[in-house]
Amino acid sequence: MSGIAVFGAGGRAGRRIVAEAVSRGEKVTAVVRDPIRHADLESDNVRIAVGDVTDLKSVAALAEGHRAAVTAVYRSDVPADKYYSEVARAMIGGLGRAGVPRLVVLGIGTLLESSPGVRFMDQPEFPPDYLPFNEGRVLELNILRESGGELDWVVVVAPPSPLDNETPRTGRYQITGTRLLPYDNGDGPRFDFPYNAKGPLFTFTDLAVALVDEALTPRHHRELVGVSH
């Protein structure tokens with residue numbers, strides 16, 4: 001097995017995941033819904049493919065022969081609980097059928113704890129309009145956690161703030177576990193919305209480094225893990 005299948009390769013994160021993998025000499029299958037729109041992705045090391053990340057057969061066919069799959073997917077026109085539950089089930093079943101052992105999921109940072117036992121999304125001040133999307137990502141995580149079989153998955157999340165889309169790659173990041181930094185160690189939930197970490201924003205390019213690291217040299221297994229600058 002060789003190469004990586006990137007589902008959602010046309011998005012801001014997906015494009016950087018593709019570029020990061022190619023920079024390491026990997027062959028990439030870039031899975032998109034609209035190949036014409038993302039034709040610029042194609043190169044000697046990148047094959048564009050049309051696929052449905054919610055369809056087990058499509059996932060299996062596209063992922064076959066790859067060493068890992070990465071998902072960085074989003075749909076605004078489908079309810080989040082329906083979409084992300086279908087994605088999780090299709091990836092589990094499709095990768096299992098294809099014999100692909102590793103799945104790296106780009107998740108959402110609001111699932112991290114901002115204080116002991118309190119996820120960022122659980123705080124009472126969290127805007128209700130944002131909850132359906134976040135709950136869809138929780139459902140996705142729970143389906144992965146409840147899955148059996150041989151699939152070795154990880155959900156990687158960045159801080160719940162806008163990511164820097166301009167700054168070049170530094171190759172540096174830190175692992176925060178299930179904690180959101182800065183972390184409240186005992187004064188109760190600390191709400192700051194939009195989330196405002198101290199210092200510069202985390203970048204899409206360094207997020208891609210973390211995701212590709214986990215695809216090629218797995219360090220975290222069947223868990224949620226935060227990354228930050």
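## Surface and overall dimensions

Accessible areas come from the Shrake-Rupley method with a 1.4 Å probe, and for residues only the protein chains shown count as cover. In this predicted model, the protein exposes about 10,700 Å², of which carbon and sulfur atoms supply 50%. Of its 229 residues, 52% count as buried, meaning under 20% relative accessible area with a 1.4 Å probe and protein chains only.

The protein has a radius of gyration of 17 Å, which agrees with the value near 17 Å for a compact globule of 229 residues; the radius is taken over C-alpha atoms, and the globule rule is 2.2 Å times the number of residues to the power 0.38.

## The sheet

The protein has five helices and ten strands, which are DSSP runs numbered from the N terminus (helices H or I, at least four residues; strands E, at least two). Eight strands form an open sheet of mixed pairing in the order β3-β2-β1-β4-β5-β8-β10-β9, where two strands pair if DSSP finds at least two bridges between them. Because β3 (46–50) and β9 (174–177) each have a single partner strand, one side of each is left without a neighbour in the sheet.

Within this sheet, β5 (residues 102–106) and β8 (residues 152–157) run parallel and are joined by five bridges, with L106 standing opposite V156 in β8.

## Basis of the model

Residues are numbered from 1 along each chain as its sequence is written, and side-chain values use heavy atoms, with hydrogens and water left out. Local features need pLDDT of at least 70 and side-chain atom pairs count only at pLDDT 80 or more, whereas totals for chains, interfaces and linings use all residues.

Methods
Buried < 20%, exposed > 50% of the residue type's maximum accessible area, 1.4 Å probe, protein only.
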